[in-house]
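Q: Please show me how to read this model, feature by feature.

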Amino acid sequence: KRAGAYLDSAYPEMLRRRWDQGGLNLLAASADTTPVHESAGPDGWIWVMGDIYADEEADPASLLQRSVAKTGHLAIQGQSGFYLACAVDASGRVTLGTDPMGIFPLYYWSSCGAFVFATLPDLIQLHPAYARRISAEGLACLLLQSYMANGQTLWEGIHRPGAGQAVQWLAGGPARTPTANPLLPSEAHFGLGMEAASELFDATLHTAIKRSTRRSSRGLMFSGGLDSRLVAGHLNQMYPGATRAVIFSADQGNEARCAEGVARALGMPSMHLPVRYERFPELAPEAVREEHLANTLHDFAWLSGADGLASHIRTLVTGFGGDAVMGGSQIVKAFNPRIGRHDFETLLTDAFKWGFTPGDIASLVRGLPMAGAANWCIQAMGDHYASLPGLPFQKVFLWTLYHRGRHHAGAYPWRLAKSVWPVMPYMDRSMLETALGMPLAYLGERRMQIDILKRRYRHLAVLPRDRNARDTLGRTPHDIALL
């Protein structure tokens, strides 16, 4: 009742749906563009909110039923897509899983025989047995690097599973987070030449886009940059004239002008949405309430004008994660020239550049053991890094995907989902696995993306590109090669 009243007050415009299954009571509020499916089978009941990207056309719950039948309930974790899945077996055991990077928000708490999971921490705090207390470790993680880490949140007892972890709970015991279907680096593509590697990435991206955009009435979120431009070229080949370019306009700045140029070159119909700066004071506290700063307070430009999108399109294809996955944008920041390789200390220095030192945190926050909490966070991050497989640059790659990549890219799709359903082909598992099997030389400076654009979509490569600077043509060797 408390959760229902909360949702009625906070989200009066959203659809309400409820399920009762084997002692599990599930209440959801979502936009009518949000996919929700359920499936009952011999291995139990499966419920899915969101999309799973697959080669075959079937609803996500039915797809997971088949996977569970083959390998067990942990198969619901780590599939391609943007989703939250819940499975209940005959014993009443609950298993929860999300996408490979854990971008879909999932929080949980278990105590006194109760188990609550939600996409908002506030909903868990409504349980009468929950005692609301600040988590020193969660606050320390946030102040150190501006993102949550180590399964922590701002609230004691409320956790968020790490990327590559499922959540399981059976009455009478605590919730646990087993590792399930984690991303693994490899040397699968180390022997490929530049052209062959580029063609592999291109084919993988093409398949990822096709798998994730089966539904009609789609738009493409144009940023004027490289990530969305590459997706636009593929989309226009698959569905000529059937995808609408969605351009968020801020006083006709570089981003809007560059995006409009690409849309015209492809013959794509476009729609401009205003950046409504006057809504920022309204959106900021809303994000704090929903996310409790897990993703920091990112720019609200895209969100401010997105509430009317559902009247035009059902799904919004994005380029989220392109720079991190194909461009390897974060790997170089962990290279230590003194020792000639990537290492955790250099990685941490970069990760903490926007945060406070442990000493500062201890002096800024009173009443909590913040010095010890900050040191615990750093040790836990180091232990996580040490446990990751692969070569030094691959460990850095995985760590940045699981931390900054997860929360930086993860803020936007969840916020957009309140209006229109977001699609992220760069986050397809096949894309992630391809990138994690590439040699370091092919991952830096957006080499793969630029090479594909130059060879396959040269007419788009020569158009001005927004790069968060006044210069839209670029002066790097790669940009000059394009021109």
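A: Start with burial: buried means under 20% relative accessible area, exposed over 50%, and partly exposed in between (1.4 Å probe, protein chains only). Helices (H or I, at least four residues) and strands (E, at least two) are DSSP runs, numbered from the N terminus. The model is predicted: local features need pLDDT of at least 70, side-chain atom pairs count only at pLDDT 80 or more, and totals for chains, interfaces and linings use all residues. Residues are numbered from 1 along each chain as its sequence is written, and side-chain values use heavy atoms, leaving out hydrogens and water.

Q: Which residues of α1 are exposed on the face turned away from its buried side?
A: An α-helix has 3.6 residues a turn, so residues three or four places apart point the same way. In α1 (residues 2-10), the buried residues are G4, Y6 and L7. They span an arc of only 160° around the axis, which puts them on the same side of α1. The arc is taken from the directions from the helix axis to the C-beta atoms. R2 and S9 are the exposed residues on the face turned away.

Q: What covers the buried residues of α1?
A: The cover includes β1 (15-21), β2 (24-30), α3 (121-125) and α8 (280-291). Contact here means heavy atoms within 4.5 Å.

Q: How do the side chains of β12 point?
A: In a regular strand the side chains alternate between the two faces of the sheet. In β12 (residues 270-274), M271 and L273 point to one face and are buried.

Q: What is the strand order in the open sheet of 5 strands?
A: Strands of a sheet pair through backbone hydrogen bonds, either parallel or antiparallel. Two strands count as paired if DSSP finds at least two bridges between them. Here the order is β12-β11-β10-β13-β16, with parallel pairing. β12 and β16 (421-423) each have a single partner strand, so one side of each is left without a neighbour in the sheet. β11 (residues 243-249) and β12 pair over 5 bridges. A245 stands opposite S270, and S249 opposite P274.

Q: Which residues touch the most other members of the largest nonpolar core?
A: In soluble globular proteins, nonpolar side chains tend to be buried together. A nonpolar core is a set of buried Ala, Val, Leu, Ile, Met, Phe, Trp, Tyr and Cys residues joined through side-chain atoms within 4.5 Å. W47 and F117 touch the most other members of the 139-residue core. Helix α14 (residues 392-416) gives the most to this core, with 11 residues.
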